[in-house]
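Please look over the chain below with the following notes beside it.

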Amino acid sequence: MTTERRLRLPGIAYGGDYNPEQWPEEVWAEDMALMREAGVTMVSVGIFSWALLEPSEGVHDFARMDKILDLLHENGIAADLATPTACPPAWFFRAHPEALPVDRDGRTLSYGSRQTFCPSSPGYRTAALRIAGALAERYADHPAVAMWHVHNEYGCHNAECFCDTSAAAFRRWLKAKYADDLNALNHAWGTTFWSQWYYDWEEILPPRATGADPNPAHRLDWRRFCSDELLSLFTAERDMLRRAAPDIPATTNFMVMHNFDAMDYWRWAPELDIVSNDHYLLATDPESETDIALCGDLVRSLAGGRPWLLMEHSTGAINWQPVNRAKKPGEMRRNALAHVAHGADGIAYFQWRAAKAGAEQWHSAMLPHAGTDSRIWQDVVQLGADLRALAEVGGSTSPAQVAIVWDWNARWAMELPSQPSSELRFQDLVRDWYTPLWRAGVAVDFVRPDTPDLDRYQLVLAPSLYLVDGAGAAGLAAFVEGGGTLAVGFHSGAVDENCHVRLGGYPGAFRELLGVHGDELFPLLPGQRVGLTGQVPQGATADLWTERIRLAGAEAVAAYADGPLAGVPAITRHAYGSGTAWYVATHPDPTTLAAVLVRIRQDAGVRPEAEVPAGVEVVRRRGTDADYLFLIDHAGRGADIPADGVELLTGKEVVGFVTVPAGGVAVVREPVAEPSGR
C-alpha cells in the first residue's frame, strides 16, 4: 500500500459485491435505502458485467453503469469499480476460440461460466486491456470511484492452461529465467534422469498428462510460470488504470484460504496498492475460526504489516461445497470482527442481494432471499453499527514477537507426487503449529524464508520448509546466531530451489544449525502411531512421520518410545551462536505439540497478549495513541478478562475487567503497551 494510493474512506469500510444489473431498475432505490440502514460505505460494482458494458467488440454501453455510480454517489456510498475481465462474453469466444483453456489431458474447455480463458492468450489480453482502458477513461474522475477492483480471484478456475499458446509463453518465461541457456535449464531440472535432456527450446512442453510421474523441477517451474503469467495480466490492467487515474488505488482479491494455492502471493503483494482477500469457511472444519485467524495474519503479513481489506466472506451458507451449512447465531459477527482483529480495515461480502438466478443463487448475501424479515439482515445491520463503533481502530497495526515461515514454493514442491509420504499437507502442518499459539493469545506474523529483518522477532517457526534456497537457509541461521530462537519441523531443508535433494544427510540445509544428522526417513502409514518419551506430556504420541537422526551437538528433548526407531531422538534443542535452534523431527499429537511450543516460546521470552480462558481469542491492534484489545468468545461460555479502558462496542468504561458475553465480542481501548522484543 503506497502513501499516494490509499483508500480514503474513514473508519472500517463495510459493504459487498453489488450486482444491480441482475435486478430491475426500480429495485435500486430500495437497495440504496437498505444500504444506508445497514451502514454500508463501499460496494464493488461491475465485476461480472463485461457482456453488458461491451455488447460487441469495441462497442461500449455505459448508460447503466453511469446511473449506478451516480446513484451510489448521491447516497454517500463509495464504489470499488471493477474491470470485468474475469468473465469474457460469448461474442469474444466466437471471435477468439483459440483463447479457450485446455486442461492437462488436452481437452478444450467451453465458455459458459467464469474464467474460461487461457491466461497467455494474446486475444484475451487485448480485449481485457480494451475494456479496462475504456472504464478508466470514462470513470477516472467520477466522485463515487474510491478504488479499482482489477479482475476477480485470479486463477480461481484457470490457474493452468496447457494449450500450445501457453506452451510458447512457458518457453519464453524459461528463456528469461535461465538467461537463454538451455544447458542451465537441463542441469536445474536434472534432465539426465529418464532421458529428458532437451536440445531445443521447442522440445519443452507444459507438464501435460503422461504415463508416469512428472519431473518435479519441471512441474515446480510450471507453477511459478502460471502464477507469474496471471500476475502479468494484473499489472497490465493496473497500469492501464493508473495512466488514467494515477491517484486511485488498485487492488485485486487474493484467495488466502484453506483450499487455494495457485498463486505465489509474496510476488503479487508488492504490486497491489491495497492488499485484499476473499475468505470462506470450510463446512467440515470444526474450528474454522482458526482458519480465519491464520489467513488474516498471513494477509496482513503480505500487506507488509499494514491493514488490508476483506473483499468477500459469507453472511451464511455458501454454495460450492458438498453440503453448505448455515452459520450459527453470532457466528457471522464473530467472523467479521475476527478479521478486523487480524488487521482488516474493511469487511465486505459476496454479495449485497442474494441472486434469484445463476450458478450462485444459493449463496448467502447481506440481503437474503427472505429480505429484511430474517436473522441475517438483523446481523448485517448490527455489524454495520459495530464497525462504526470501531472506526478509530482503522489504520492501527498488529505487533508480533513470533513469525512463521510461509513459502508457496515449498508448498508446491512438497505436495508434488513421489514424496516419501503423500499424507503431508503444507497448510495443515503450518496450522498445527499456528493453532496452539493462537489459542494462547500469541501474536504471529508470517514471513518469507529470505526475510531480511528477522531480528525484530524473538521466535521464528518453520513448521514445513521442505524447499529452501541458500539465502533462506543462511538467513535463518543468521537469525539464530544473532540470538534468536528458531524451531524447525520435519522434512525441512530437504531440497534446494530446483527440487534437488541436498546430499549428506537430513535435514539437509539445516543439519549444522540444528546440530543433528539423519540418514533415513521413516514416514508412518495412515493410522500408525508411535509413543514419545522424555520432556513431553505423559502418553505423548506422534503420527505421519519419523526419521532416524543422531545428535551432532544438539541435546535430545524427546525420543521415540517404541517402533522401529525406539530410543532415537524425536525432538532436539541446539545452542547455536547466541541463540537456540529446535528440531521437531516428527508430528506430535496436538496436546504434545502445544506443550512443546509452550516451552519453546517461553525459552524465547514470548508472552501472550493477555491471559484468557480456553475458547476466548485475544488479539491486539496498536494505534498511535492506544491499543485495541479484541476478545472473541468462540466457546459460548462468556468470560471476565482483566482490562482497563473503554469497551468500544458498548461505549462503557472498563475498570479492572471486561465482560465478554457468551458467544460475543469485546474490544477494549487501552493505553499503548510497552513494546517487547530482542
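1. Arginine 267 counts as partly exposed at 44% relative accessibility, where buried means under 20% relative accessible area, exposed means over 50% and partly exposed lies in between, computed with a 1.4 Å probe on protein chains only. Its salt-bridge partner is aspartate 228, with the closest N and O atoms 2.8 Å apart; a salt bridge here is a side-chain nitrogen of Lys or Arg within 4 Å of a carboxyl oxygen of Asp or Glu. Because arginine 267 lies in helix α9 (residues 265-268) and aspartate 228 in helix α8, the pair ties together parts that are 39 residues apart in sequence. Aspartate 228 is buried, with a relative accessible area of 16%.

2. Please keep in mind that this is a predicted model, in which local features need pLDDT of at least 70 and side-chain atom pairs count only at pLDDT 80 or more, while totals for chains, interfaces and linings use all residues. Residues are numbered from 1 along each chain as its sequence is written, and side-chain values use heavy atoms, with hydrogens and water left out. Helices (H or I, at least four residues) and strands (E, at least two) are DSSP runs numbered from the N terminus.

3. A search of the whole structure finds 41 salt bridges. One of them joins the side chains of arginine 171 and glutamate 202, at 3.4 Å from N to O, and this pair links distant parts of the chain, with arginine 171 in helix α6 (residues 164-177) and glutamate 202 in the loop between α7 (182-189) and α8 (216-244), 31 residues apart. Arginine 171 is buried at a relative accessible area of 11%, whereas glutamate 202 counts as exposed at 53%.

4. Aspartate 543 forms a salt bridge with arginine 529, and their closest N and O atoms are 3.3 Å apart. Since aspartate 543 belongs to strand β16 (residues 541-543) and arginine 529 to strand β15 (residues 529-534), the pair ties together parts that are 14 residues apart in sequence. Arginine 529 is partly exposed, with a relative accessible area of 42%. Elsewhere, salt bridges that share partners join Glu609, Arg620, Arg622, Asp627 and Glu670 into one network.

5. An open sheet with mixed pairing is formed by 10 strands in the order β11-β10-β12-β13-β20-β19-β18-β15-β16-β21, two strands being paired if DSSP finds at least two bridges between them. At its edges stand β11 (444-447) and β21 (587-588), each with a single partner strand, so one side of each is left without a neighbour in the sheet.

6. How are the two faces of strand β12 (residues 459-462) placed? Both are covered, with Leu459 and Leu461 buried on one side and Val460 and Ala462 buried on the other. Strand β10 (residues 402-405) runs parallel to β12 and is joined to it by 3 bridges, with alanine 403 having valine 460 as its bridge partner. Strand β13 (residues 485-489) is also parallel to β12, through 4 bridges; leucine 459 stands opposite threonine 485, and leucine 461 has alanine 487 as its bridge partner.

7. A further open sheet has 5 strands in the order β22-β23-β28-β25-β26, with antiparallel pairing. Its edges are β22 (616-622) and β26 (652-654), each of which has a single partner strand, so one side of each is left without a neighbour in the sheet. Strand β25 (residues 645-647) is joined to β26 by 3 bridges and runs antiparallel to it; glycine 645 has valine 654 in β26 as its bridge partner.

8. Helix α5 (residues 122-139) has 18 residues and reaches 26 Å from its first C-alpha to its last, close to the 26 Å expected at 1.5 Å a residue, the expected span being 1.5 Å times one less than the number of residues. Its buried residues include Gly123, Tyr124, Ala127, Ala128, Ile131 and Leu135. Among the elements covering the buried residues of α5 are α3 (63-74), β3 (78-82), β4 (145-149) and α8, where contact means heavy atoms within 4.5 Å.
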